[in-house]
Each structure stands twice: as C-alpha cells, then as structure tokens.
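Colleague: I am new to this structure and would like to know what stands behind the words used for it. Please take me through them.

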Amino acid sequence: MLLALCGFFSSMAPADAHGVDVPQLRLERDEDGLYLSATLGFELPPLVEDALYRGIPLFFVVEAHVMRDRWYWRDERMAHAERYIRLAYQPLTRRWRLIVSPSPIGNAGLGVALSQNFDELADAMASIRRIARWRIADLSDVEGGGRYSVEFRFRLDTSQLPRPLQMGVIGQSDWSLSAERKLRLDQDGVR
C-alpha cells in the first residue's frame, strides 16, 4: 500500500511553495521563566490532506532558541526548547488524534505527552496553529547583562513519514511547510 501511495505522490506535479505565516509571536517574562505564544497561519495543501485521510500521520516540529548576542563570535545559545506534534486520522472512529510531546514521538512509546481527539480536521488544525504560554527558558537563562534574541521555527517533519513516501516527497513543494522568525528581548521586558 505504501509503495502505491509513493507512486501516487511522485506522479503529482509540483505546486507552488506553501509557506507558514506567523502573524503573532509574543514573548512574556514571568517569575519562573520565559514564555512564548504564537499564532500560525497556514492551510494544509490538498496533497498533504489527502495523505492524512489515507491514514498517514503528519509530524510537526516547533523549536525555540534563546540566543545571547556576542560581537566576537557566533551568538551563544542560552536555552533550547522543542515541541513535537503528531496528527493522525483514525478511519474506524472517524476522529483526529493530536499528540504533543517535548521529545520525539516514536513507535517505542510516547513518554510524557498530551493527547487530544477531535471530530473535525479544522479543530485539530486550529490547535496546531495556536501555541499558548510555552515555557522556552528558565528566568536564570536570560538574566544578567547582554542582549538576547529568540529564534522561532515551525516545520513539517517529512523525515518521520514512512520510508517509501519520503522518496516520493522529494522535490514536492506541497510538503515543505515551514516558518522562521526572530524576536529581540530588551533589558526590561520583551518586544
């Protein structure tokens, strides 16, 4: 079945690149850490949505790097946070399952993860598009002198697709969903 899907996807003509818009990205400094909130703007291309309906799960990766500026060398990474998201369609129950974990999601088990079920794909996608108060660093990581910035990245992780399908998505712009943004922290708060 996967080989048939691989042939199906590789026979499709490449479309325009599908970028991810980040209309809102906010940092908040609290008593115990630095928190990130974001709103992402994107729609799944029809090819990717079709793969979901065929039972192939999608994996998204969200990353945040807290960097301290240095004039004499590359910026120093003070903190790093990752969030892994798995979206899958359950054909028997006709429900969508969304799993969010701080570590990569594999077949060996989930570890600590949040799992939610949705009746509609639109509801599951709304949950993916909204990141609320995600703790990305301890307050001790951003205290002291210096200028800090936060590099935010969101992407569809095609390396976690089934192997035959990975070969079919090479060169397919429908599968390249990603966004990057950078925010500066000022001394008193955040911008």
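Modeller: Keep in mind that this is a predicted model. The lining of the largest pocket divides into nine nonpolar, three polar and two charged residues.

Colleague: What makes a lining residue count as charged or as polar?

Modeller: Asp, Glu, Lys and Arg count as charged. Arg83 is among the lining residues that lie nearest the centre of the pocket, and as an Arg it falls in the charged class.

Colleague: Which residues of helix 2 are called buried, and what does the word require?

Modeller: They are Leu47, Val48, Ala51 and Leu52, in the helix that spans residues 46–53. Buried requires under 20% relative accessible area, so each of the four is below that cut-off.

Colleague: How do you know where they sit around the helix axis?

Modeller: They cover an arc of only 145° around the axis, which puts them on the same side of helix 2. Just after this helix, Gly55 takes a positive phi of about 95°.

Colleague: Why are strand 1 and strand 7 said to stand at the edges of their sheet?

Modeller: The sheet is open, has three strands in the order 1-2-7, and its pairing is antiparallel. Strand 1 and strand 7 each have a single partner strand, so one side of each is left without a neighbour in the sheet. From one strand to the next the twist averages 20°.

Colleague: What makes strand 2 and strand 7 a pair?

Modeller: A pair needs at least two bridges, and these strands have six, so they qualify. Within this part of the model, Ala38 stands opposite Ile131 in strand 7.

Colleague: Which strands pair with strand 3, and how many bridges join them?

Modeller: Strand 4 is joined to strand 3 by eleven bridges, and strand 8 by nine. Val62 has Arg83 in strand 4 as its bridge partner, while Glu63 stands opposite Arg153 in strand 8.

Colleague: Why is strand 3 called mostly covered?

Modeller: Ten of its eleven residues are buried.

Key. Residues numbered from 1 in each chain as written. Predicted model: local features only at pLDDT ≥ 70, side-chain atom pairs only at ≥ 80, totals over all residues. Heavy atoms only, no water. 1 Å grid on protein atoms, 1.4 Å probe; cavity = no way out; pocket = protein on both sides within 12 Å on 5 of 7 lines; lining within 4 Å. Buried < 20%, exposed > 50% of the residue type's maximum accessible area, 1.4 Å probe, protein only. Arc of directions from axis to C-beta. Axes fitted to C-alpha atoms, helices over the stretch in contact; angles between N-to-C directions.
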